[in-house]
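Look at the model first, then read on.

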2 protein chains.
Amino acid sequence: MNVDDDPILPVHRSIRSYRPEPVGEALLERLLATAQHAPTDATAQMATLIRVQDPELRRRVAALAGEQEHVCEAAEFFVVCADIHRLHTILTASGLVPGQFPGVGLLFATVDASLVAQRLVDAAEAAGLGTCCIGGILDGVEDLIELLALPPGVVPLFGLCLGWPAEQPPVRPRLALESMVHTDRYGNYSEPRIAEDVAAMAAITRSGDWLRVLSSYFASGGVMEEREWPWRRALARQGFATWRE
Amino acid sequence: MNVDDDPILPVHRSIRSYRPEPVGEALLERLLATAQHAPTDATAQMATLIRVQDPELRRRVAALAGEQEHVCEAAEFFVVCADIHRLHTILTASGLVPGQFPGVGLLFATVDASLVAQRLVDAAEAAGLGTCCIGGILDGVEDLIELLALPPGVVPLFGLCLGWPAEQPPVRPRLALESMVHTDRYGNYSEPRIAEDVAAMAAITRSGDWLRVLSSYFASGGVMEEREWPWRRALARQGFATWRE
């Protein structure tokens, strides 16, 4: 089916060109309050959003993410962070001893923060705004931790642009629904299904070659391998190491 | 402000009591197609939902999560998984060599899967359905991987109940917005703010004692520490270890 026909939520498109008008503090506060009511594991709310307003700071964050212009252009830009620092502060201030669970802490905080961020995206789009998630901030994760003065227990996950859209790009394709949703047990991914998915995904990139995108990010020698050690160093520095140094 | 006054999205409440009527395949497909259009890093869609339909399997999954009745009662129950297996399969089938990035892979796949899940929650609530995220599946993560036959590169993150609500619980409180959203740099969390947040959060639990909940989960000897080693073993087994065995 075409998700355009009768959308339950506004159709999502990543917006990379924004009008200069501000979102407005009243609307922004409503959006953030809505986002904050995302589900949270065990009531702990292990998410923090750093709202980057200072233009010079914004420029430096954009540079870390490979000079993506929309990071500077969007009326609002947030760095979405997994945060167990605030929880530790509450426990300690209350005379309790925080447990040691770096792996599970990173998991639950990453989920908490991502749920808040997606609810912010859905609320923003319902209000007519555009959004764009920026995974590229991971390219400079160690510098970003410095720039935003993130304490131990906090790591940046991705950036989020938000503002009034100046473009209406086509809706991007996705894998066949059957590739993402399996029944009862993890299903086989057969050669014909793979070929179908690769063909369907071609339109996601201007080159029409999805495998070239996947290769540049995920194949041996690609972007994700370059991000691996800086990310591990960032985890260790922020107290999320699950390995011995 | 009260998020009830003029909601941009339906106000979120976790629903733990469901009517028996099915969601209906047509509506469910629309919801899943909407969810699938969540943002995804580098077009890779590293998310899989296991739809648990078999009643006996559902009962066993519910038992792993501490016999939460709503897991069995909800018309639909999904296990939300981080998945780099499908991506690896696509790369390999296309003659490409997948890179080695277990830490970054887990991060991006966890974010991808959480964004899809929250978009499913937001779409479901917009259609009048209720949802409940189940973090407790982590209590039996190793058994769950067996039950769902998850291949290497796939880990379960949390469960998601979805169905027609048979209750309308009060909206749960959240921290002060200023505690979650910081400007430009990570902000201080002062004693008076902590006391305010702890007081505001009291209503989230029937006991009226939020610190008791936090203590049972997050303090030394709590639930999160119990989940740490099974989670690390699950990560190692599924190929996400960032440490030496």
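Strand β1 (residues 47-51) of chain A runs parallel to strand β5 (residues 181-183) of chain B, and three bridges join them. In this pairing, R51(A) stands opposite T183(B) in β5(B). The model is a predicted one.

A parallel pairing also links β5(A) with strand β1 (residues 47-51) of chain B, again over three bridges. Here H182(A) faces I50(B) in β1(B).

## A sheet built from both chains

Where does β5(A) sit in the sheet order? The open sheet has five strands, in the order β5(A)-β1(B)-β2(B)-β4(B)-β3(B). Its pairing is mixed. The edges are β5 (181-183) of chain A and β3 (130-134) of chain B. Each has a single partner strand, so one side of each is left without a neighbour in the sheet. From one strand to the next, the twist averages 25 degrees.

A helix packs on this sheet: α5 (residues 102-126) of chain B. It touches β1, β2 (76-83), β3 and β4 (154-163) of chain B. The direction of α5(B) makes about 155 degrees with that of β2(B).

## The contact between the chains

How many residues does each chain bring to the contact? Chain A gives 108 residues, and chain B gives 108 residues. On the side of chain A that touches chain B, helix α5 (residues 102-126) of chain A gives the most, with 15 residues. That side of chain A divides into 64 nonpolar, 27 polar and 17 charged residues.

## Helix against helix

Helix α5(A) meets helix α10 (residues 223-237) of chain B. Their axes come within 7 Å and cross at roughly 90 degrees. An angle of 65 to 115 degrees counts as roughly perpendicular, so α5(A) is roughly perpendicular to α10(B).

From α5(A), the contact uses G103(A), V104(A), G105(A) and L107(A). From α10(B), it uses M224(B), R227(B), E228(B), W231(B), R232(B) and L235(B). By class, this contact of α5(A) with α10(B) has five nonpolar, two polar and three charged residues.

## How the copies are related

Methods. Residues numbered from 1 in each chain as written. Chains lettered and ligands numbered in written order. Predicted model: local features only at pLDDT ≥ 70, side-chain atom pairs only at ≥ 80, totals over all residues. Pairing = 2+ DSSP bridges. Helix = DSSP H or I, 4+ residues; strand = E, 2+ residues; numbered from the N terminus. Axes fitted to C-alpha atoms, helices over the stretch in contact; angles between N-to-C directions. Contact = placed C-beta atoms within 7 Å. Nonpolar A, V, L, I, M, F, W, Y, C, P; charged D, E, K, R; others polar. Parallel < 35°, antiparallel > 145°, perpendicular 65-115°, else oblique.
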